[in-house]
Amino acid sequence: MNKPALADGALTPTDWTSPAMVARIRQRYAREARFKAMGLVALVISALFLAFLLYSIAGNGLTGFQSTEIRLNVAFKPEALGITAADLAGPDAEDRLRQADYGLIGGDALIARFPEVTDPGDQMDLEELLSPGTAAYLRETLVDNPALLGKSITLWVPAATDVDMLNKGQIDADLPALERGISDRMLGYYRQLKADGDIRTSFNTRFFTAADSRDPELAAIWGATMGSLLTLFVTLLISFPVGVLAAVYLEEYAPKNRLTDFIEVNINNLAAVPSIIFGLLGLAVFLGTFGMQRSAPVVGGLTLALMTLPTIVIASRVAIKAVPPSIRDAARGIGASPLQVVFHHVVPLALPGIMTGTIIGMARALGETAPLLMIGMRAFVVDVPASLTDPATVLPVQVFLWSDSVERGFVEKTSAAIIVLMVFLLMMNALAIYLRQKFERRW
Amino acid sequence: MYNPTEATMTVQDTGAIKMTARNVNVFYGDKHAIKDVSIDVRADEVTAFIGPSGCGKSTFLRCLNRMNDTVASARVTGEMRLDGQDIYDRQMDVVQLRARVGMVFQKPNPFPKSIYENIAYGPRIHGLARSRAELDEIVATSLKKAGLWDEVKDRLNDSGTALSGGQQQRLCIARAIAVNPEVILMDEPCSALDPIATAKIEELIEELRGRYAIVIVTHNMQQAARVSQKTAFFHLGDLVEYGPTSEIFTNPKKEKTKDYITGRYG
């Protein structure tokens with residue numbers, strides 16, 4: 001032994017180069033490497049899932065923002081419309097124009113476009129190329145410009161969903177007629193129109209200006225978007241002040257005793273209650289007891305407010321708790337009243353956290369479907385809601401309704417609606433991040 | 001223990017008595033934190049509370065403007081008066097009391113607002129200024145009294161939290177002065193500061209003496225000796241000795257005081 005003798009009871013110096021030690025160190029490094037690799041794999045898997053989700057939604061949904069139109073030379077013949085030139089005069093000219101029968105002129109234009117089709121039955125089939133929305137489109141055209149009465153004009157009119165699907169390549173024209181669900185004759189008409197350049201794809205403005213429809217090519221998202229906005233407005237109006245005030249009271253005023261402990265436990269539990277339960281609660285309270293109108297944004301908003309309240313209360317309490325007690329002392333020390341301490345100092349400092357929590361709660365409310373099904377917001381609504389009591393549906397419910405439809409045209413609409421919903425969610429989260437960055441204070 | 005009648009005989013009267021405490025006991029739940037303390041605070045003097053950690057000196061200080069009210073388990077018995085008025089009386093408005101008895105804390109705690117707003121907040125909530133010009137005047141005067149004016153006059157809109165620790169503490173003193181208090185309580189105002197900042201605060205205390213009754217809690221015996229005229233020595237909730245600072249430090253009457261002063265324990 002050439003090591004120096006150690007005092008009694010002292011440990012021998014560690015030999016860091018012994019084989020056992022070297023093995024230990026190697027094992028430690030291997031463990032680190034394994035852990036890092038597992039983390040990386042987890043990350044890659046989630047990234048792949050996300051990429052797949054986005055790809056599939058975008059792949060299905062982007063065509064939903066486009067519509068197919070057919071070029072037609074439409075003649076606004078008074079006899080076909082059932083009105084006369086005399087109807088254009090007088091104060092109720094617009095009403096009379098609106099009440100005219102626009103069901104025939106679109107078909108007439110198509111029959112004129114295909115003079116070789118002479119059999120009345122075949123001529124009826126021709127009309128199937130046009131969307132049922134054509135009549136409404138022609139009516140608006142004439143009401144906007146009554147001078148067209150008695151004249152012919154070349155217009156792009158909406159195509160039926162089958163033509164739309166064919167044009168977007170979502171119906172495989174090579175399949176047998178029975179499988180593709182569109183007759184050979186229709187396919188022939190489509191090809192003829194296409195070859196003549198009488199079919200075009202354009203941006204679907206209708207999708208962002210109208211509401212739901214039975215016909216997929218006419219179904220639009222704006223009704224559900226307005227429904228969501230109105231519903232969220234009510235939710236915010238109720239849950240933000242109530243939630244923040246409850247949090248302020250619990251944090252700053254309430255005595256710490258069994259009752260407040262009990263309340264705290266219950267608030268935390270409520271935040272975890274499945275949302276459909278809140279739907280049943282809304283159904284029982286707002287529709288059952290108070291007899292409010294079903295399908296109305298005000299009821300949906302109140303129901304979602306119940307669901308969002310615990311989230312806002314919890315986030316606000318955390319934010320209020322994070323305000324250092326020294327700030328409260330400072331304000332109290334110069335004679336600020338408890339109310340002044342809270343509203344001049346604590347709440348302004350907690351506001352970024354409160355707002356972040358609120359926006360996250362609202363984003364959750366925006367994406368919520370189940371409770372709204374319970375209070376009848378899954379209705380088929382063809383008008384854009386204009387007030388809090390109009391029947392309405394919301395974005396996620398619209399996604400649900402369209403995904404449930406059998407027509408092929410609704411597949412792309414469903415994905416398009418999902419894209420709209422996700423854009424809204426993204427905007428809300430971006431707002432939350434922005435507010436947090438902007439108002440974050442250090443002390 | 002300390003007997004106030006005896007003390008008034010031995011202590012040379014130099015001015016009016018601003019605050020009195022008689023047989024004050026403070027309990028935190030079951031803990032008896034302050035035991036039967038009686039003390040007088042004079043208007044034109046600096047009174048220092050010294051004693052080892054946990055002796056109750058800060059607790060007692062916080063009773064003088066009822067800051068302990070916010071501690072749910074705290075209970076105060078006995079009598080405390082400000083200008084003869086019982087501050088624990090139900091008629092007493094706590095908000096007004098704290099405006100009259102200002103406080104400066106251990107850690108500088110400016111509001112995360114501008115320097116101007118830090119000072120202006122107190123006068124504003126108490127309605128002390130009738131115009132913007134008057135408020136400007138109060139802010140300037142308070143900062144001058146706190147010896148901070150020359151350092152911050154060009155950046156009144158900067159955040160109060162951007163100042164150095166010593167400046168922040170002087171800002172807090174200026175903030176307390178701005179509401180025109182009669183008494184200023186200081187709870188270890190220098191414990192978070194470096195020696196140079198500490199020296200500035202001590203100079204400031206010397207300058208403020210006479211204008212405000214000042215009560216300062218300190219861990220630092222040299223500081224108490226430098227800035228105060230009266231010193232009270234607390235130990236385990238008891239007021240062991242109270243008297244002129246010079247006597248406490250040169251000729252303590254109690255053995256315990258002597259041991260503490262000489263560093264036998266602390």
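## An aromatic cluster in chain A

In this predicted model, A:F65, A:F203, A:F207, A:F208, A:W402 and A:F410 come together as one aromatic cluster. The pairing rule takes rings of Phe, Tyr and Trp (its six-membered ring) with centres within 6.5 Å; planes under 30 degrees apart are stacked, over 60 edge-to-face, and the rest tilted. Go by that rule and you get 13 aromatic pairs over all chains.

## The A:F114 and A:Y189 pair

One aromatic pair joins A:F114 and A:Y189: it is tilted, with 5.1 Å centre to centre and 50 degrees between the planes. A:F114 sits in the loop between α4 (105-113) and α5 (120-126) of chain A, while A:Y189 belongs to helix α9 (residues 184-195) of chain A, so the pair ties together parts 75 residues apart in sequence. Helices here are DSSP runs (H or I, at least four residues), numbered from the N terminus.

## Charges over rings

A:R113 lies over the face of A:F114, 5.2 Å from the ring centre. Over in chain B, B:R75 covers the face of B:F27, at 4.5 Å from the ring centre. For Arg, that call needs CZ within 6 Å of the ring centre and within 35 degrees of the ring normal.

## Domains and ground rules

Chain A splits into domain 1 (67-202) and domain 2 (222-439), with bounds from an automatic or database domain assignment. Their C-alpha centres lie 46 Å apart.

Residues are numbered from 1 along each chain as its sequence is written, and chains are lettered from A and ligands numbered from 1 in the order written. Local features need pLDDT of at least 70 and side-chain atom pairs pLDDT 80 or more, while totals for chains, interfaces and linings use all residues; side-chain values use heavy atoms, leaving out hydrogens and water.

Technical notes. Helices (H or I, at least four residues) and strands (E, at least two) are DSSP runs, numbered from the N terminus.
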